[in-house]
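Trainee: Before we start, could you take me through this model one feature at a time, giving the general idea and then the case at hand?

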Amino acid sequence: MAQAPIQFDRASGALEGANLWERTAALALVTGSKISSHFSHMGYIACANLLRKTLPARNIAIKLNPDAVFEFPYGDGYWSKLLNRSYNYEDELELLFAGSVDVDYTLIDCGANYGYWSVLVSSKPFGSHKAIAIEPSAQNYSKLANNARVNGDRFETMKCAIGATRGTARLSGTKHEAFSIAGDPSAGGEEVPVVALDNLIDDGKVAPTGKYLIKLDVEGVEIEAIKGGARLLEADSVIMCEEHGSDRSHAVSRYILEHTPLKLIVYDPSTRRMETVTELSILDRIKVSTHVGYNVFGTASAFWQKRIDALNAKTARRIQ
């Protein structure tokens, strides 16, 4: 029988249910995150995953807020940074989610992994929004489904990949945070169903009208996913796509700017504003680390543009 998860409260820092070695490991994981944060957490995942091999196989349940619990295997290199209470995961996404608490929108969480954003966005402090968490990997999906369960099944889960059209694909990769259908189909891997974003309308999952925040963390098939969502992107939608720091051609942003009717927006840490991008050179300055992802936004919605302008105005007032 599996052990009950270790409990960690991000607000108070309380760690419960851990033995002495697990507590020592938590201290090491926090210290490692704080030190490596000075160089974009380079090397942290590898070190944490080595430490994980010395730990009993059990989960940790992190209380993200009073209405959100996020569970994952203790010592997981990607997610253990959450033990560091000063660490913020994808600031630019949280800025938009936190600034849209009062908006009646649905999160379409593509490449949901273990469901972090679906757990958070469906929680009361973030507005109890409807969320559809889409994840193709069987390994990841079991953990995603568990997070839906521990949060009262308040968001929907779908086991499939997102692409340009409906079909099947081969999912491959060695890291749970980087599984992709973009590789060579002959390389093996797990066969997974593929749906296009617009198929969610066809299948009655979402309405053709409505407000949507669409997170595309789909490891190399972002452009294909955008191609498959033309109708959905005509609604009051924002796509949030990951641009990899190592891609100096800025392929996803270039595609949005040159081949879609969407306005391209990026969070600029130097101004702390969501800036409209007309020249891709701004990304040369923002994408300072080659081993992490940076989120860019695309929208054709006057509603969401107005909301982003309001967020910028709020930030300006805070700085003053």
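This is a predicted model: local features need pLDDT of at least 70, side-chain atom pairs count only at pLDDT 80 or more; totals for chains, interfaces and linings use all residues.

Trainee: With which residue does Arg-254 form a salt bridge, and how far apart are the closest N and O atoms?

Mentor: The general idea is that side chains of opposite charge can pair when their charged atoms come close. Here Arg-254 forms a salt bridge with Glu-258, and the closest N and O atoms are 3.6 Å apart. Because the two residues are four positions apart in helix 8 (residues 251-259), about one helical turn separates Arg-254 from Glu-258.

Trainee: How many salt bridges does a search of the whole structure find?

Mentor: The search finds 16 salt bridges. One of them joins Arg-52 to Asp-76, with 3.8 Å between the closest N and O atoms. Since Arg-52 belongs to helix 2 while Asp-76 sits in the loop between strand 4 and helix 3 (91-98), the pair ties together parts that are 24 residues apart in sequence.

Trainee: Is Asp-76 buried or exposed?

Mentor: Asp-76 counts as buried, at 1% relative accessibility, whereas Arg-52 is partly exposed, with a relative accessible area of 31%.

Trainee: Which residues are linked in a network of salt bridges?

Mentor: The network consists of Asp-198, Asp-202 and Arg-231. Within it, the side chains of Arg-231 and Asp-202 meet at 2.9 Å, N to O.

Trainee: Turning to the sheets, in what order do the four strands of the open sheet lie?

Mentor: Strands of a sheet pair through backbone hydrogen bonds, either parallel or antiparallel. In the open sheet the order is 2-1-3-4, and the pairing is mixed. Strand 2 and strand 4 (68-73) are the edge strands, each of which pairs on one side only. Strand 1 (residues 6-9) and strand 3 (residues 59-65) run parallel and share four bridges, and to locate this pairing you can look for Asp-9, whose bridge partner in strand 3 is Lys-63.

Trainee: Which strands pair with strand 15 in the antiparallel sense?

Mentor: Strand 12 (residues 236-244) runs antiparallel to strand 15 and is joined to it by seven bridges, with Ile-239 standing opposite Gly-298. Strand 13 (residues 263-268) also pairs with strand 15 in the antiparallel sense, over four bridges, and there Lys-263 has Thr-299 as its bridge partner.

Trainee: Why is strand 15 described as largely enclosed by the rest of the structure?

Mentor: Strand 15 (residues 293-299) is so described because six of its seven residues are buried.

Trainee: What should I look for in the backbone of the loops?

Mentor: Most residues other than glycine have a negative phi, and most peptide bonds are trans. His-41, although not a glycine, has a positive phi of about 60°; this residue lies in the loop between helix 1 (20-36) and helix 2 (44-52) and is buried, with a relative accessible area of 15%. Ser-128 also has a positive phi, near 50°, and is found in the loop between helix 4 (116-121) and strand 6 (130-134), where this serine is partly exposed at a relative accessible area of 43%.

Trainee: Which residues form a nonpolar patch on the surface?

Mentor: Ile-35, Phe-39 and Met-42 form that patch, with about 320 Å² of accessible area together; of these, Ile-35 lies in helix 1.

Trainee: Finally, how many helices and strands does the protein chain have?

Mentor: The protein chain comes to ten helices and 15 strands. Its radius of gyration is 19 Å, close to the 20 Å that the globule rule gives for 320 residues, so the chain is as compact as a globular protein of that length. Of those 320 residues, 52% count as buried, and residues 24 or more positions apart account for 69% of the contacts with a separation of 6 or more.

Technical notes:
Residues are numbered from 1 along each chain as its sequence is written. Side-chain values use heavy atoms; hydrogens and water are left out. Buried means under 20% relative accessible area, exposed over 50%, partly exposed in between (1.4 Å probe, protein chains only). Patches are made of residues with over 30% relative accessible area and no salt bridge: like charges are joined within 9 Å, nonpolar side chains (Val, Leu, Ile, Met, Phe, Trp, Tyr) within 5 Å. Accessible areas come from the Shrake-Rupley method with a 1.4 Å probe; for residues, only the protein chains shown count as cover. A salt bridge is a side-chain nitrogen of Lys or Arg within 4 Å of a carboxyl oxygen of Asp or Glu. Two strands pair if DSSP finds at least two bridges between them. The radius of gyration is taken over C-alpha atoms; the globule rule is 2.2 Å times the number of residues to the power 0.38. Contact means heavy atoms within 4.5 Å.
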